[in-house]
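User: I am new to this protein. Please show me how to read it, feature by feature.

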Amino acid sequence: MTDVRSARPQTNGGRRMSGIGRVLVAVYAVLALAAIGRSFVQIATKFDEAPLAYSLSALAAVVYVLATIALVRSGRGWYRVAWVTIAFEFTGVVVVGALSIAFPELFPHDTVWSWFGRGYLFIPLVLPVLGMWWLATHRPASSQPTGQVATTSGADAA
């Protein structure tokens, strides 16, 4: 007798955009739009007052846009881009957050990541942690099928 448990391999390919993944992407998209708007206005109107802070806001905007796109797209390449951007985001939040507390003169005006994202309800601090957890639990399918293929029992082989 033939035992077919699965005709297709069971993978998570394309599953990052389901359930809580959609909420995660939506929050990243909103944060990207907010960071783009904030950095554009800051750079256009008062860049000379805090060039480091406003440049970091623009960098954060780029990171959020890339992370959003990478989370939406499928494939191993985009999965890696998502990891890199989200890890960079987390590092940025921690480093800029710590520097803005230890050396407030470096940041006369807030950035997206100042004070660990205080101006954004600390979402910039929590979001990359959730993003990394999501990526770790929703890896893309490997190129080799991992599902079971049709097998025959000992009685059928005879």
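User: How many residues does the protein have, and what percentage count as buried?

Analyst: Some ground rules come before the count. This is a predicted model: local features need pLDDT of at least 70, side-chain atom pairs count only at pLDDT 80 or more, and totals for chains, interfaces and linings use all residues. Residues are numbered from 1 along each chain as its sequence is written, and side-chain values use heavy atoms, with hydrogens and water left out. Buried means under 20% relative accessible area, exposed over 50%, and partly exposed in between (1.4 Å probe, protein chains only). Here, 32% of the 158 residues count as buried.

User: Which elements run from the N terminus on?

Analyst: Helices (H or I, at least four residues) and strands (E, at least two) are DSSP runs, numbered from the N terminus. The order here is β-α-α-α-α-β-α. That gives five helices and two strands.

User: What is the span of α1?

Analyst: The expected span of a helix is 1.5 Å times one less than its number of residues. α1 has 27 residues and reaches 38 Å from its first C-alpha to its last, close to the expected 39 Å. Its buried residues include Y28, A35 and S39. The buried residues of α1 pack against α2, α3 and α4.

User: Which residues touch the most other members of the largest nonpolar core?

Analyst: In soluble globular proteins, nonpolar side chains tend to be buried together. A nonpolar core is a set of buried Ala, Val, Leu, Ile, Met, Phe, Trp, Tyr and Cys residues joined through side-chain atoms within 4.5 Å. The largest one here has 29 residues, and Y28, Y64, L71, I86, V112 and W113 touch the most other members. α1 (20-46), α2 (51-72), α3 and α4 each supply at least two of its residues. α2 gives the most, with nine.

User: Where is V112 found, and what does V112 touch?

Analyst: V112 is in the loop between α3 and α4. The residue counts as buried because its relative accessible area is 1%. Contact means heavy atoms within 4.5 Å. Not counting residues up to four places away in sequence, V112 touches A35, R38, S57, A60, Y64, G117, Y120 and P124. V112 and S39 are 73 residues apart in sequence, yet 8.8 Å apart in space, C-alpha to C-alpha.

User: Is L106 buried or partly exposed?

Analyst: L106 counts as partly exposed because its relative accessible area is 38%. L106 lies in the loop between α3 (76-102) and α4 (123-137).
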